[in-house]
Amino acid sequence: MITVVGNLKGGTGKSTIVFNLAIWLLHKSTRIKVYDLDPQATLSDVAELRSEEGFKPFLSVTCCLPEHSFEETLIDIGVSNTEGLYAALAQADRIIIPVSPSQADVWSTQRFLHVIRTASKKTPILYAFINRADTHPTALENAETEAALRQLGELEVLSVRLAQRVIFRRSFSEGLAVFELEPSSKASQELMALAKAVYGEK
Ligand SMILES: Nc1ncnc2c1ncn2[C@@H]1O[C@H](COP(=O)(O)OP(=O)(O)OP(=O)(O)O)[C@@H](O)[C@H]1O
Ligand SMILES: [Mg+2]
């Protein structure tokens, strides 16, 4: 299956999600191929850091699109690479859309759905979920954003949320997935719930 993690907005957690899901799949001994189609190359940088630190399992990241599908392929995209974005969407079996809890992000997701319709050659499964969820107990934005995403109709809104947590930033600076950094943390539980929602138990 080819999975693209994307949306039109910057900084919503695409590379963070690809990195953490890729490491989760590697720990499950899944044969994966991971692509970084973003000129910013964040994913390639974190994979290089992980390799320099000698952390196992080793994550290999490449930048040219696949000719044949692996057991699981994960693609990180960047909107400044339009050609790569369209090529990835054309091949996607599954598209995961991390959305921050705000109206602007709902609008941007709506536009992204239009781009997906234009670019897709298959009929991909579309998942959206809230990343950087507000952890304040009285915050309404998470639920409101999920409700607005459901109204868009075309995608499955996962009940999983990844909260706004420092450990997700540390994941990049240390080259480790959140469940490697702190296995019993809330972030680890959230990431595993996301992985299981997308890939099942493996
Ligand atoms: N749930 C979270 N909690 C806290 N920080 C987060 C979370 N998700 C992502 N971040 C941080 O937000 C920043 C942007 O994340 P990331 O680079 O994954 O987004 P992106 O969508 O790939 O960005 P770009 O569009 O620039 O490629 C990073 O510093 C990352 O560590
Ligand atoms: Mg990125």
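Which residues in H3 meet which residues in H4? In this predicted model, Leu85, Tyr86, Leu89 and Ala90 form the H3 side of the contact. On the H4 side they meet Phe112, Val115, Ile116, Thr118 and Ala119. Eight of these residues are nonpolar, one is polar and none is charged. Helix H3 spans residues 82-91. Its axis lies 8 Å from that of H4, and the packing angle is about 70 degrees. Angles of 65 to 115 degrees count as roughly perpendicular. H3 is therefore roughly perpendicular to H4.

H4 also packs against H5. Helix H4 covers residues 103-119, and helix H5 covers residues 141-152. Their axes come within 10 Å and cross at roughly 25 degrees. The cut-off for roughly parallel is under 35 degrees, so H4 and H5 are roughly parallel to each other. The crossing of H4 past H5 is right-handed. From H4, the contact draws on Val106, Thr109, Gln110 and Leu113. H5 contributes Thr145, Ala148, Leu149 and Leu152. Five residues of this contact are nonpolar and three are polar, with no charged residue.

Ligand 1 is surrounded by 17 residues. The closest are Lys14, Thr16, Asn131, Arg132 and Ala163. Arg132 places a polar side-chain atom 2.7 Å from an oxygen atom of ligand 1. Backbone atoms also take part. A polar backbone atom of Ser15 is 2.9 Å from an oxygen atom of ligand 1. For Gly11, a backbone N or O atom lies 3.0 Å from an oxygen atom of the ligand.

Methods:
Residues numbered from 1 in each chain as written. Chains lettered and ligands numbered in written order. Predicted model: local features only at pLDDT ≥ 70, side-chain atom pairs only at ≥ 80, totals over all residues. Heavy atoms only, no water. Axes fitted to C-alpha atoms, helices over the stretch in contact; angles between N-to-C directions. Helix = DSSP H or I, 4+ residues; strand = E, 2+ residues; numbered from the N terminus. Parallel < 35°, antiparallel > 145°, perpendicular 65-115°, else oblique. Left-handed = near helix turned anticlockwise from the far one by under 90°. Contact = heavy atoms within 4.5 Å. Nonpolar A, V, L, I, M, F, W, Y, C, P; charged D, E, K, R; others polar. Near = heavy atom within 4 Å. Polar contact = N/O pair within 3.5 Å; in protein donor to acceptor, adjacent residues only side chain to side chain.
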